[in-house]
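Please look over the model shown below.

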Amino acid sequence: MFRTPIPILAHGFGGTNGLPLPKWLVAYGIGFAVVIVFVVLRIMRPRPAAVTGTTKDEPVRGRAFAITRAVGLLAYVALFVTAAFGKNDAGSNISPVTLIVIFYLGWQIISVVAGDVYWWFNPLDTIARALPQDEEEPEGPDSHWTAAVLLFSFLWFVFAYPEFYPPRPHEIAVFLTLYTVAVVLGAYRWGRGWVRDGEGFSALFGLLGRRRRSPTAGTVALLCVYLGSILFDAVSQTNWWVDVLGTSRGWSARMINTVGLVWAVVAVAIVYVLATRIAARITSQPASSVTARFALAMVPIGFVWSFVHYLSPFLADLQNFYALASDPLGRGWDVFGTIDYIVDYRWLTPAQTGWIQTLALLAGCVASVFVVQRVAYTSFRGQAAVRATYPLGAAIVVGAVAAVLLLLGT
């Protein structure tokens with residue numbers, strides 16, 4: 001039995017979009033809506049509760065926790081086995097769609113909807129628990145810095161490393177091995193408590209799941225990596241980037257893609273840091289402090305960037321996963337009778353997709369506005385609080401326009 005490979009794997013679609021209005025008008029409308037929300041909140045003069053600091057969660061114990069951890073570890077081992085011992089083909093082996101779509105994109109959605117439930121399943125923390133150390137809060141550098149580095153390594157592997165997207169299963173097995181070793185070494189160096197905020201996926205899903213933690217410079221770096229990767233994925237599908245790559249192959253292409261990924265992360269960082277530096281001058285506060293304070297404003301807009309860009313391929317890849325479940329190793333099996341399932345790209349019409357993307361982007365921008373207002377009014381007083389929101393509001397508008405031009409309808 002032969003199944004035609006469908007290596008979509010959450011790579012945004014290009015081509016005609018189904019937006020309800022022309023892109024320029026959608027961008028104008030969302031930008032105008034953000035300004036209106038700022039004005040309304042300015043008139044209402046909100047007095048939100050103070051931003052809480054880091055809180056040490058009560059340790060979770062019990063049978064339910066043990067079961068979910070066992071499920072998470074089993075899934076992780078199964079992913080490694082299919083990648084290492086299955087057919088080395090991204091279209092017929094289930095490991096690429098499992099890692100990129102079901103795990104990375106799926107847990108983003110679950111975290112936003114259900115909170116920080118990833119911690120109940122975290123296989124890497126389960127592995128780290130085998131180390132002969134006490135579980136304690138990490139001592140040393142800001143753990144979100146290491147999370148940013150580890151998350152960047154994954155996103156580089158997905159978007160910059162493959163000569164032909166997505167990475168092949170055997171490459172995934174090697175990456176999982178190296179990533180696990182890095183996490184174990186980090187846990188050995190800083191303690192098992194480091195994993196929760198120092199490992200890339202756990203830290204990102206924790207932010208999306210609203211886990212309480214005082215933002216730091218490392219949080220800024222982590223979120224810039226998150227947003228920058230989405231921006232690069234969109235840019236990499238343009239004709240301009242195809243021309244940049246030209247006939248480059250192998251490590252030559254990887255180096256160009258690496259530069260592009262770093263450039264995208266830096267571009268996001270420049271917009272954000274510039275806005276917060278202006279806010280720091282307005283409030284006469286240390287720039288580093290202000291930059292860290294507003295970091296969580298990037299969480300809602302980062303998630304909607306991901307959601308609107310990957311919506312269509314995500315729905316297609318869910319069906320792809322359903323089909324490949326019958327033959328996870330790509331050996332020609334049909335265990336559940338689903339291997340010949342044909343992906344239906346018409347789950348949502350282009351118009352429906354366009355409306356969902358537009359409304360989701362608007363909701364994300366409004367959520368970021370509320371975060372900016374909350375931080376400003378709990379950190380500063382009087383007119384300084386009001387004026388501090390202006391440059392952050394401008395940055396949100398820039399992010400919304402970038403999303404409309406590069407992410408919506410793709």
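Contact here means heavy atoms within 4.5 Å. Helices (H or I, at least four residues) and strands (E, at least two) are DSSP runs, numbered from the N terminus. This is a predicted model, in which local features need pLDDT of at least 70 and side-chain atom pairs count only at pLDDT 80 or more, while totals for chains, interfaces and linings use all residues. Residues are numbered from 1 along each chain as its sequence is written, and side-chain values use heavy atoms, with hydrogens and water left out.

**Overall make-up**
- The protein has 15 helices and zero strands.
- Of its 410 residues, 51% are buried (buried means under 20% relative accessible area, exposed over 50%, partly exposed in between, with a 1.4 Å probe and protein chains only).
- The accessible surface is about 18,600 Å², and 68% of this belongs to carbon and sulfur atoms; such areas come from the Shrake-Rupley method with a 1.4 Å probe.
- Of the contacts between residues at least 6 apart in sequence, 82% join residues at least 24 apart.

**Helix H2**
- H2 covers residues 63-85, which is 23 residues.
- From first C-alpha to last, H2 reaches 32 Å, close to the expected 33 Å (1.5 Å times one less than the number of residues).
- Its buried residues are Phe65, Thr68, Arg69, Gly72, Tyr76, Leu79, Thr82 and Ala83.
- The cover over these buried residues includes helices H3 (95-114), H4 (123-128) and H6 (169-190).

**Helices H11 and H15**
- H11 (residues 250-283) packs with H15 (residues 382-406) at an angle of about 170°, their axes 8 Å apart (axes are lines fitted to C-alpha atoms, for helices over the stretch in contact, and angles run from 0 to 180 degrees between N-to-C directions).
- H11 is therefore roughly antiparallel to H15 (angles under 35 degrees count as roughly parallel, over 145 as roughly antiparallel, 65 to 115 as roughly perpendicular and the rest as oblique).
- Residues making the contact include Val271, Tyr272 and Ala275 of H11 and Ala384, Arg387 and Ala388 of H15.

**Cysteine 224**
- Cysteine 224 lies in helix H9 (residues 217-235) and is buried, at a relative accessible area of 3%.
- Leaving out residues up to four places away in sequence, cysteine 224 touches Val265, Val268, Ala269 and Met298.
- Alanine 269 is 45 residues from cysteine 224 in sequence, yet 5.7 Å away in space, C-alpha to C-alpha.

**Glutamine 319**
- Glutamine 319 is part of helix H13 (residues 298-324).
- Glutamine 319 counts as buried because its relative accessibility is 2%.
- Apart from neighbours within four places in sequence, glutamine 319 is in contact with Tyr341, Ile342, Val343, Asp344 and Trp347.
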